[in-house]
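Dear colleague,

Please find below the structure that I am handing over to you.

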Amino acid sequence: MLAPRTTPWPLVALFTAGYLPPYLLPTTVGRLDTGLPLSTTQAGAVGSALLLSSATAGFLLASRVQHVGPRALARLGLALAVLGYGAAALATAVPAVVAGAVVGGFGSGTATTVAATRIAAEKDPHRASTMGLLSVSALAGAVYLTVPHLGRAHGLPLAAIALTALAVWPLTGALPGPTASSPAAPGTDATAPLPHGRSGLVLAVTVLCWSLAQNSLWGVSGRIGLTQAGLGDATLGVVFAVALGAGLVGVLAAGALGPRLGRAMPVGAGTVLIAGCIAVSASATTPTAFATGEIAWNTVYPVVLSYLIGLAASLDARGRWAVLVGSASSLGTAAGPLTGSVLSAQAGYAGMGMVLAAGLLLVAAPMTAVALHTAGRPLLPGAIRRRGGTAAALVAAATGTPSGAVPEVGAVEQPVVEIDVEAPAVAVQGAYDTAGPRQAAATPGSGTG
C-alpha cells in the first residue's frame with residue numbers, strides 16, 4: 001500500500017505570506033495614490049520599490065537558506081514583514097510609509113525564498129506549489145472582497161499583509177534548523193560555458209520585457225477600474241477576486257495540457273492573446289469591458305508563464321538558464337508599477353495599453369523563435385507532471401536552487417541509445433511452468449523511444 005501524500009502546510013503558509021504583496025499590488029498602489037499626498041507616478045514608484053526590495057532578498061539569500069537555517073531565516077523575514085508593513089499601515093508621513101514598505105518587501109522576499117527553496121526539496125514540489133498558489137489566491141480574493149467595506153485608508157492592504165505574516169509565525173517551528181552544505185554533485189562544473197548562449201540571452205531579455213508589461217498593467221488596474229471604467233470599490237474587489245480565480249483555472253489548465261502542443265504555440269499565441277487582453281483592459285470605459293479584459297488576461301497569463309519557465313529550464317540541464325531567466329523576470333516585475341504609472345500619466349490608460357500590447361507583440365516573435373530553435377524532440381505526454389519539471393524549474397528560477405534538486409526536463413528529450421545485450425540462454429520447453437521466462441524476440445532498445 002502506498003503511503004498517503006502529506007501537504008507541507010508550514011511551507012504553504014510561508015509561501016502565502018511571501019506572495020501576498022504582489023497579489024495585492026493594485027489595491028495597495030491605488031490606496032497610496034488616493035490616501036496620501038502622492039501622485040500616480042509616485043505611488044507606482046513606491047510599489048516598484050516594494051517589489052524590488054523583495055526581489056533583492058531573493059538574490060541575496062537564495063544560496064544561504066541551508067547555511068543559516070530555514071527556520072531562522074523564515075522568522076527573520078516574517079518579523080521584517082510584520083514590522084515594515086505594520087509601520088507603513090500606521091504611518092501618515094510619506095517617508096515613513098515608503099521606508100516601511102521597503103522593509104516589509106525585503107521580509108516578504110525572504111519568506112518567499114525560504115518557501116521556494118524548501119518546496120524544491122519536496123518529493124512532490126508540484127503539489128506544494130499548487131497548494132501555495134491556491135492559498136494565496138484565495139486569501140487575496142478574500143482581501144479584495146473585504147477591504148472596500150472597511151474604508152479608504154491607505155494602510156488597510158498593508159495591514160492585511162502584516163497580519164498574515166504574524167499569523168504564519170507560529171508555523172515556522174516545523175521548519176528545520178541550519179544544515180551543513182551538501183557536496184557538489186559529481187560531474188558538475190559550475191564554470192562550464194552555458195549552452196544555447198544566444199537563445200538564452202534572447203529569452204532572458206524578452207522575458208524581462210514580458211514581465212514588465214504584465215505588471216505595468218497590474219500595478220494601475222485598480223485606478224483604471226475606479227476612474228475610467230466607473231466601478232465602485234466593492235465591485236472592483238469582486239472583479240479582482242474573480243480574475244484571481246480565473247488565474248487558478250489557467251494554472252490547472254497548463255498542468256493538464258502539458259507538452260501536447262509543444263512550447264512555441266502556447267508561448268507565441270498566448271502572448272498575442274495577452275496583448276489583446278491588456279489593450280481591452282486599459283481602454284475599458286465600462287465595467288463589463290474592464291471585467292472581461294482582466295479576467296481573460298489573468299486566465300491566459302499563468303499558462304504562458306509556465307511554458308516560458310519550462311523553455312528556460314530546457315536550455316540547460318543544470319538549471320542555470322532557468323535561474324537567469326527567472327531573475328530577469330523578477331526585475332521586470334519590480335519595474336512594472338512605476339512603468340505603468342509613467343506611461344499612463346504621459347499617454348493615458350488607453351495609450352499605455354497600446355504601448356504595452358505593441359511591446360508584447362514585438363517580444364512574441366523572438367520568444368517563439370527560441371522555442372522553435374531549441375524544441376528538439378517533444379516531451380512525452382505527462383512527462384512534466386511525472387517528473388515535476390515545470391513546477392520544480394519554476395522554484396529553481398525564483399530561488400537559484402542547485403540543479404540537483406530540480407528534475408531535469410531536458411533529460412526526457414535526449415536521444416535513445418541502443419545497447420546490445422547478450423540474450424540469456426533459451427529455456428528447455430517444459431522445464432518451467434507458465435510463469436517461467438519466455439524467449440525474447442526483440443533486442444533491447446528496439447522501441448520507438
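Threonine 40 belongs to helix α3, which covers residues 40-61. Please note that the model is a predicted one. Threonine 40 is classed as partly exposed because its relative accessibility is 23%, and a residue counts as buried under 20%. Beyond the residues up to four places away in sequence, threonine 40 touches Asp33, Arg223, Ser341 and Ser344. Serine 344 stands 304 residues from threonine 40 in sequence, yet the two C-alpha atoms are 8.7 Å apart in space.

**The chain as a whole**

The chain contains 15 helices and zero strands. Of its 449 residues, 49% are buried. When contacts between residues at least 6 apart in sequence are considered, 86% of them join residues at least 24 apart. The accessible surface of the chain is about 20,300 Å², and carbon and sulfur atoms account for 68% of that area.

The largest nonpolar core comprises 93 residues, and Leu14, Leu203 and Phe290 have the most contacts inside it. Helix α13 (residues 320-373) supplies the largest share of this core, namely 13 residues. Leucine 203, for its part, touches Leu308, Leu311, Ala312, Leu315, Val325, Met367 and Val370, with residues up to four places away in sequence not counted.

Helix α2 spans residues 25-35 and is mostly covered, with nine of its eleven residues buried. Among the buried residues of α2 are Arg31 and Asp33, and each of these two takes part in a salt bridge.

How many salt bridges does the structure hold? There are three.

One of them joins aspartate 233 to arginine 31, with 3.5 Å between the closest N and O atoms. Aspartate 233 lies in helix α10 (residues 233-257) and arginine 31 in helix α2, so this pair ties together parts that are 202 residues apart in sequence. Arginine 31 counts as buried because its relative accessible area is 2%.

Another salt bridge is formed by arginine 223 and aspartate 33, whose closest N and O atoms are 3.7 Å apart. This pair also links distant parts of the chain: arginine 223 sits in helix α9 (residues 197-228) and aspartate 33 in helix α2, at a separation of 190 residues. Arginine 223 and aspartate 33 are both buried. Both residues were named above among those that threonine 40 touches.

In the remaining salt bridge, the side chains of arginine 152 and aspartate 233 meet at 2.6 Å, N to O. Here too, distant parts of the chain are linked: arginine 152 is in the loop between α7 (125-146) and α8 (156-168), and aspartate 233 is in helix α10, 81 residues apart. Arginine 152 is partly exposed, because its relative accessibility comes to 36%.

Which residues are linked in a network of salt bridges? The network consists of Arg31, Arg152 and Asp233. Aspartate 233 is paired with arginine 31 and with arginine 152. As a general point, side chains of opposite charge can pair when their charged atoms come close.

**Further along helix α3**

Serine 54 is located in helix α3. Is serine 54 buried or exposed? Serine 54 counts as buried because its relative accessibility is 19%, and the cut-off for that class is under 20%. The side chain of serine 54 reaches the backbone nitrogen of glycine 109 at a distance of 3.3 Å. Apart from neighbours within four places in sequence, serine 54 is in contact with Gly105, Phe106, Ser108 and Gly109.

Leucine 52 has its place in helix α3 as well. With a relative accessible area of 42%, leucine 52 is partly exposed. Helix α3 provides the largest share of the patch, three residues.

With kind regards

Definitions and conventions
Residues are numbered from 1 along each chain as its sequence is written. This is a predicted model: local features need pLDDT of at least 70, side-chain atom pairs count only at pLDDT 80 or more; totals for chains, interfaces and linings use all residues. Side-chain values use heavy atoms; hydrogens and water are left out. Helices (H or I, at least four residues) and strands (E, at least two) are DSSP runs, numbered from the N terminus. Buried means under 20% relative accessible area, exposed over 50%, partly exposed in between (1.4 Å probe, protein chains only). Contact means heavy atoms within 4.5 Å. A nonpolar core is a set of buried Ala, Val, Leu, Ile, Met, Phe, Trp, Tyr and Cys residues joined through side-chain atoms within 4.5 Å. Accessible areas come from the Shrake-Rupley method with a 1.4 Å probe; for residues, only the protein chains shown count as cover. A polar contact is a pair of N or O atoms within 3.5 Å; within protein, one must be able to donate a hydrogen and the other to accept it, and residues adjacent in sequence count only if both atoms are side-chain atoms. A salt bridge is a side-chain nitrogen of Lys or Arg within 4 Å of a carboxyl oxygen of Asp or Glu.
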